[in-house]
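Please keep the model in view while reading.

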Amino acid sequence: MTAVMRLPLTTADWFAVLWFLVWWVGYVRLADRRGRGRPSLVGRMGVYRRAWMAAIVKREQRISDVSILANLSNGSTFFASTTLLILGGLAALLGTTEKVASVVAELPFNRVASEQLWDIKILLLAGIFTFALFKFTWSLRLYHFCSVMVGSAPPPEAAEAEHEAFVGRTGELATLAAESFNNGLRAYYFALAALSWFLNPWLFMGLTSWVVLVLYKREFRSAALQAMTSG
């Protein structure tokens, strides 16, 4: 506790970090709960995934379904590899904080900060992208599991109970993969907000709130959701 209090953070910095964490964790929990009772992009796509799995057991050829899963896993692969590059860049940045601080110090709304504070800000970004990496790699593994399950799907002439069991299990697994990918994307949004901490803690708080608003509108008030729920 004493070591934490010795960190070169002002009251505004502490408040900004707390604001950031509360909004991030709070929004994820709010989105999960609200998505169960009201229309949302994640919830609606879960319905379509189940319908997709129900269609799989009615056809003999499933090559197109495996191709779709491969396309979905490609998204996770791309973001996982990109996140690794970002983490490498942040690790390299830790050794050049003095040069970066001198450049950013000339920007408007920026305040002079110690090198230790700059390291803390970089470590926050590294923590966010590490979280994103875990989410993307887990999403990739889940999509691979889905591919195996689709490959072992029961034939069309199998019993109805066997079909329903496959639809429930595989549809849930595909939804878990999509949710993990979605949480990784959310981390990218919040990382953009965290970048503003290098300029000003109050700007950091403002952009965090803005990111939450954007995410909420896209998941619960977007034209894409209306298109999927209309008709």
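**Pockets and a helix pair**

In this predicted model, the lining of the second largest pocket draws at least two residues from each of α2 (11-37), α3, α7 and α8. This pocket has a volume of about 340 Å³. It is lined by 17 residues, of which Ala31, Asp32, Val42, Gly43 and Glu179 are the closest to its centre. By class, five of the lining residues are nonpolar, seven polar and five charged.

The largest pocket has a volume of about 550 Å³. Its lining comprises 22 residues, and those closest to the centre are Val42, Arg49, Ala178, Phe181 and Asn182. Two or more lining residues come from each of α3 (41-56), α4 (63-93), α7 (160-195) and α8 (201-220). The greatest contribution is that of α7, with eight residues. In the lining of the largest pocket, 14 residues are nonpolar, three polar and five charged.

The helices α7 and α8 also pack against each other. How do two packed helices come to be described? For α7 and α8, the axes come within 8 Å and cross at roughly 150 degrees. Because angles over 145 degrees count as roughly antiparallel, α7 is roughly antiparallel to α8. The crossing of α7 past α8 is right-handed.

On the α7 side, the contact involves Asn182, Arg186, Tyr189, Phe190, Ala193 and Ala194. Their partners in α8 are Phe204, Leu207, Thr208, Val211, Val212, Leu215, Arg218 and Glu219. By class, this contact has nine nonpolar, two polar and three charged residues.

Key. Residues are numbered from 1 along each chain as its sequence is written. This is a predicted model: local features need pLDDT of at least 70, side-chain atom pairs count only at pLDDT 80 or more; totals for chains, interfaces and linings use all residues. Side-chain values use heavy atoms; hydrogens and water are left out. On a 1 Å grid over the protein atoms alone, a cavity is a set of points where a 1.4 Å probe fits but cannot get out, and a pocket is an open set with protein on both sides within 12 Å along at least five of seven lines; lining residues have an atom within 4 Å of a point. Grid points are joined across faces, edges and corners, and a volume is the space filled by probe spheres set on the points. Helices (H or I, at least four residues) and strands (E, at least two) are DSSP runs, numbered from the N terminus. Ala, Val, Leu, Ile, Met, Phe, Trp, Tyr, Cys and Pro count as nonpolar, Asp, Glu, Lys and Arg as charged, and the others, Gly among them, as polar. Axes are lines fitted to C-alpha atoms, for helices over the stretch in contact, and angles run from 0 to 180 degrees between N-to-C directions. Angles under 35 degrees count as roughly parallel, over 145 as roughly antiparallel, 65 to 115 as roughly perpendicular and the rest as oblique. A crossing is left-handed if the near helix is turned anticlockwise from the far one by less than a right angle, and right-handed if clockwise. Contact means heavy atoms within 4.5 Å.
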